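Visitor: I have a model to look at. Can you walk me through its parts, one question at a time?

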Amino acid sequence: MKLDRKSMLLYAITDRTWLKGTTLASQVEDTIKGGATFIQLREKNMDFDEFVTEAKVIKEITDKYNIPFVINDNIDVALAVNSDGVHVGQDDMNAKDVRKLIGKDKIIGVSVQTVEQAILAEQNGADYLGVGSVFPTSTKTDANYVSIKQLKEISKSISIPIVAIGGINENNIEKLRESGIDGICVISAIFSKPDILEATKRLRKLSEGIVDYEI
Ligand SMILES: Cc1ncc(COP(=O)(O)OP(=O)(O)O)c(N)n1
Ligand SMILES: Cc1nc(C(=O)O)sc1CCOP(=O)(O)O
């Protein structure tokens with residue numbers, strides 16, 4: 001799948017913390033109906049078989065709506081379900097080695113916190129970058145803070161699309177205007193909400209207002 005910059009607009013990462021009797025699949029479908037443009041399946045405590053089973057279910061939904069779907073960290077799961085790609089962090093395999101495993105047509109996203117990491121990730125063949133944490137977050141306890149100034153420097157230093165991540169919500173998204181990002185990436189601002197579809201709709205409208213390309 002070729003990555004369209006506009007598909008970065010509202011990037012949702014899954015989290016089962018707030019399932020509240022429903023399924024992750026129905027939550028993912030709600031967020032897509034509300035306007036999410038990209039889905040990442042992030043599972044930190046799941047064995048391979050269960051992860052693959054879950055990923056297949058989510059992929060059916062993202063395929064139905066033609067939304068890019070990547071797997072967090074686990075390249076074997078990405079290969080097993082033929083996801084559109086993978087997202088890796090600084091402590092994971094680098095993009096060059098990931099590319100050798102998943103092939104030239106897949107999407108590789110890389111998390112970065114510095115200009116140096118961003119330039120290297122682009123040189124290594126990353127298709128997009130996730131930059132954060134731009135605000136305090138309780139979703140990822142080991143996240144490193146990246147200022148808006150650093151975010152702007154990173155966006156100026158590379159030509160691949162970037163999303164900001166970490167603690168972004170309806171009240172602070174405006175601070176990301178003119179930071180050079182192609183979209184926002186959120187977990188709790190969508191999945192912790194009682195009405196995921198409506199929360200996504202509001203974030204979608206707000207994210208359309210802060211990016212500098214035509215929707
Ligand atoms: C789009 C996006 N950006 C950043 C991250 C964080 O990735 P990483 O640093 O590997 O941390 P974990 O998500 O693995 O805890 C991400 N997942 N997605
Ligand atoms: C998964 C993740 N990565 C981050 C990074 O800084 O790289 S922050 C983060 C958590 C994002 O969740 P929320 O939108 O609930 O703050």
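This is a predicted model: local features need pLDDT of at least 70, side-chain atom pairs count only at pLDDT 80 or more; totals for chains, interfaces and linings use all residues.

Visitor: Within what arc do the buried residues of α8 fall, seen down its axis?
Guide: The buried residues are I196, A199, T200, L203 and S207. Residues three or four places apart in an α-helix point the same way, because there are 3.6 residues a turn. In α8 the buried residues line one face of the helix, since they fall within an arc of 95°.

Visitor: Which residues are exposed on the other side of α8?
Guide: The buried residues of α8 pack against β1, α1, β8 and α7. The other side has exposed residues: E198, K205 and G209.

Visitor: Through which helix does the chain cross from β3 to β4?
Guide: The β-α-β crossover here is right-handed. The helix on the path spans residues 75-81 and is α3.

Visitor: Which residue of β5 is the bridge partner of H87?
Guide: In β4, G85 and H87 point one way, V86 and V88 the other, and all are buried. β4 pairs with β5 (residues 107-112) in the parallel sense, over four bridges. The partner of H87 is G109.

Visitor: What is the handedness of the crossover from β4 to β5?
Guide: The chain passes through helix α4, residues 95-102. This β-α-β crossover is right-handed.

Conventions. Residues are numbered from 1 along each chain as its sequence is written. Chains are lettered from A and ligands numbered from 1 in the order in which they are written. A residue is buried if 20 or more other C-beta atoms lie within 10 Å of its own, exposed if 12 or fewer, and partly exposed in between; C-beta atoms are placed from the backbone. Helices (H or I, at least four residues) and strands (E, at least two) are DSSP runs, numbered from the N terminus. A crossover is right-handed if, with the strands pointing away from the viewer, the path from the first strand over the helix to the second runs clockwise. Two strands pair if DSSP finds at least two bridges between them. The arc is that of the directions from the helix axis to the C-beta atoms. Two residues are in contact if their C-beta atoms, placed from the backbone, lie within 7 Å.
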